[in-house]
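Subject: Handing over the model

Hello,

Here is the structure I promised to pass on to you. Please have it open while you read, and I will walk you through what turned up.

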Amino acid sequence: MKTHILISIILLFILALSTNLITGFRIPDLDHDPSTHFPNFTSFASSPWDYFKNFNGCQIGEQRNGLAKLKQYFHRFGYIQEIPISNFTDSFDDSFELALKNYQKNFNLDQTGILDDQTLQQIQQPRCGVADIINGVSTMNSGKTSSNSHGTKFHSVAHFSFFPGQPRWRNRRLTYGFLPENNLPDTVKLTFANAFNRWAEVTPLTFVQTEFYYNANIKIAFFSGDHGDGEPFDGVLGTLAHAFSPPNGRFHLDGSEDWMVDGDVSTSTLRSAVDLESVAVHEIGHLLGLGHSSVEESIMYPTIASRKKKVDLTVDDIQGVQVLYGSNPNYNGSIPSSTTTRSHQEREESNNGNGIYNLGLSYWAYSVFLVLVTILLV
């Protein structure tokens, strides 16, 4: 009997060691001791934009409490520029209706000028912090098939977009580094390497990690709240990250997010789980000079739902970046897949780091194993 129990315990122990129960992390606040900070795996925090749902049905001429906050959202992403924030009121006026219609156009929604349910659902989605309209020029163009009153279908050929002036990197070898204070483990750095590789596969660019963060072309850092660049983060969900156009090279991510680095993010029990590689691939597009796209399937679409993985470049993304840099000589024209085989070293690193807190799980399982075996042998 004891032998059967012992065998069962050994099997459970092996299962515990091989199962990746925790695959997410949060970046500690740089003002606090990282060793005392743990990810908020029990958090059910909602988006800072969830309260916008209270404006359902609101239209021109109405007055709604808090509508000025929604105007601030539209201002942040470029839809209202001519009016100072200090002058925003809770009145649904002509300028707000125009901004709303432009937003609906960019996101392929019915241009009703009304805060309908479909529009509000889109507004509440977690998104990139880069504006959709920069210096009065939209970086988005509708990429979906549309039809007129006669049922005739048209397809917009304008989809990918660039920052004003089409800035780009002049050198083809770009270095990237991580803010030392973030103390990122290798499994997180590998996620960024995979994201860079997706763009390298279709362009002549190469991306090389350097330990010299302050000398790197691309500087990657996790921050929380106001971090000095005029684009403060807003906590869980809301704005996830932002990156600056070439040759600035700054790439900032919200350290308050529940970032997932491995495993199937869609099965996470965390409602606020955000796939790190998906966001990284998008922001690297900005670092290379791409603006937002209205093609919902594209990497450069501004929003991504929590618990969603989206890492494969689409034709829209590839055509856009190749306008700036040309094609990789080895690129065969097919769309790179997320199933691209990792190198032996990458697989080893991944297997050794499937979740930042696996060491704690392994230690716990090993301790329980020793205790139970000792009891049985006594």
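Helices (H or I, at least four residues) and strands (E, at least two) are DSSP runs, numbered from the N terminus. Counted that way, the protein chain has 9 helices and 13 strands. Please keep in mind that this is a predicted model: local features need pLDDT of at least 70, side-chain atom pairs count only at pLDDT 80 or more, and totals for chains, interfaces and linings use all residues. Residues are numbered from 1 along each chain as its sequence is written, and side-chain values use heavy atoms, with hydrogens and water left out.

First, the chain as a whole. Of its 378 residues, 47% are buried, where buried means under 20% relative accessible area, exposed over 50%, and partly exposed in between (1.4 Å probe, protein chains only). A contact here means heavy atoms within 4.5 Å. Among contacts with a separation of 6 or more, 68% join residues 24 or more positions apart.

Now the interior. A nonpolar core is a set of buried Ala, Val, Leu, Ile, Met, Phe, Trp, Tyr and Cys residues joined through side-chain atoms within 4.5 Å. The largest one has 46 residues, and those with the most contacts inside it are F192, W199, F207, I220, F251, L253 and L288. Several elements each supply at least two residues of this core, among them strand 7 (173–178), helix 5 (186–200), strand 11 (250–254) and helix 7 (315–325). Helix 6 gives the largest share, 7 residues.

Helix 2 is worth a look next. Within this helix (residues 67–76), L67, A68, L70, K71, Y73 and F74 are buried. These buried residues pack against helix 3 (94–106), helix 4 (117–123) and strand 2. Just after helix 2, G78 takes a positive phi of about 95 degrees.

Two positions carry UniProt annotations. UniProt positions are given in the numbering used here, feature names are shortened, and annotations may be inferred rather than shown by experiment. The unreviewed entry places "active site" at E283, and this residue sits in helix 6. E283 counts as buried because its relative accessibility is 1%. Leaving aside its neighbours within four places in sequence, E283 is in contact with C128, V130, A241, H242, A243 and F251.

The other annotation, "binding site", is placed by the unreviewed UniProt entry at E257. E257 lies in the loop between strand 11 and strand 12 (258–260). Is E257 buried or exposed? E257 is buried, with a relative accessible area of 0%.

Leaving aside neighbours within four places in sequence, N328 is in contact with A200, E201, V202, T203 and P204.

Finally, P164, which is in the loop between strand 6 (153–155) and strand 7. At 43% relative accessibility, P164 counts as partly exposed. Not counting residues up to four places away in sequence, P164 touches I134 and N135. P164 and S245 are 81 residues apart in sequence, and their C-alpha atoms are 9.6 Å apart in space.

Enjoy exploring the model!

Best wishes
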